[in-house]
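Let us walk through this structure step by step. Keep the sequence beside you as you read.

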Amino acid sequence: MKKDMLLKVIKVGLLFLFAIGFLFTFITGNIMGLADYSYNAFQLEELNPDKSADVFIIIFFVIALAGSVVMFMKPEYERIANLAVLGLGLVLLVVLYLQVFNDSDLQGLVDLGAMTAKIGFGIVFQLIILVLGFVFEFKGDALIKE
């Protein structure tokens, strides 16, 4: 496989791994020492009915798919498409994080000791994939030997 094609496949794979990260645990914790809970980004409305992100995540999946198609169909726009999808994913991740962890109801319950709230594996996974995506975008040619 040619170096350019291998790098393109790696970058597309990282985009989809980032998108799949929304399906991993986003927030975990314990309610009153009795029951553990964990929610992914599609289940955030169970934590607070006002905090639904389903539409945004589905739109991101579509944009990631479109960006991947652009990367293969229009090689001259490969870098722009990859960085745009990674940047949009980062914005969505930050918005969801702030929406959940800065929620006044959740903070009130945590302050009272009625529950705990911790960052889930999905956020950490997505941050790692995001860093790898940027590394392969800017230093991928040096990392892959022919």
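**From a hairpin to a charged network**

Start with a hairpin: strand 1 and strand 2 form it, with three residues between them. In the turn sits Met 32, which has a positive phi of about 50°. Keep in mind that this is a predicted model. Find Thr 25 and look across to strand 2: Asn 40 stands opposite.

Now look inside. In soluble globular proteins, nonpolar side chains tend to be buried together. Here the largest nonpolar core has 34 residues. Those with the most contacts inside this core are Phe 22, Phe 26, Ile 27, Ile 57, Phe 60, Leu 96 and Val 100. Several elements give two or more residues to the core, among them strand 1 (25-31), strand 2 (35-40) and helix 3 (54-73). Helix 1 (3-20), helix 4 (78-101) and helix 6 (121-143) are also on that list. Which helix gives the most to this core? Helix 4 does, with eight residues.

Take Ile 27 as an example. Leave aside its neighbours within four places in sequence. Ile 27 is then in contact with residues including Tyr 37, Tyr 39, Leu 44, Val 100, Leu 106 and Gly 120.

Next, move to the surface. A nonpolar patch lies there, with about 710 Å² of accessible area together. Its members include Leu 90, Val 94, Tyr 97, Ile 119, Leu 127 and Leu 132. Helix 4 and helix 6 are the elements that give two or more residues to the patch. Ile 119, another part of the story, lies in strand 3 (residues 118-119). Ile 119 has a relative accessible area of 43%, so this residue is partly exposed.

Finally, turn to charge. Side chains of opposite charge can pair when their charged atoms come close. The count comes to four salt bridges. In one of them, Glu 78 pairs with Lys 8, the closest N and O atoms being 3.8 Å apart. Glu 78 lies in helix 4 and Lys 8 in helix 1, so the pair ties together parts that are 70 residues apart in sequence. Both residues, Glu 78 and Lys 8, are buried.

Lys 11 forms a salt bridge with Glu 137, at 3.3 Å between the closest N and O atoms. Lys 11 is in helix 1 and Glu 137 in helix 6, so this pair ties together parts 126 residues apart in sequence. Arg 79 also forms a salt bridge with Glu 137, at 2.9 Å between the closest N and O atoms. Arg 79 lies in helix 4, so its pair with Glu 137 in helix 6 ties together parts 58 residues apart in sequence. Salt bridges that share partners join Lys 8, Lys 11, Glu 78, Arg 79 and Glu 137 into one network.

Terms used: Residues are numbered from 1 along each chain as its sequence is written. This is a predicted model: local features need pLDDT of at least 70, side-chain atom pairs count only at pLDDT 80 or more; totals for chains, interfaces and linings use all residues. Side-chain values use heavy atoms; hydrogens and water are left out. A nonpolar core is a set of buried Ala, Val, Leu, Ile, Met, Phe, Trp, Tyr and Cys residues joined through side-chain atoms within 4.5 Å. Buried means under 20% relative accessible area, exposed over 50%, partly exposed in between (1.4 Å probe, protein chains only). Helices (H or I, at least four residues) and strands (E, at least two) are DSSP runs, numbered from the N terminus. Contact means heavy atoms within 4.5 Å. Patches are made of residues with over 30% relative accessible area and no salt bridge: like charges are joined within 9 Å, nonpolar side chains (Val, Leu, Ile, Met, Phe, Trp, Tyr) within 5 Å. Accessible areas come from the Shrake-Rupley method with a 1.4 Å probe; for residues, only the protein chains shown count as cover. A salt bridge is a side-chain nitrogen of Lys or Arg within 4 Å of a carboxyl oxygen of Asp or Glu. Two strands pair if DSSP finds at least two bridges between them.
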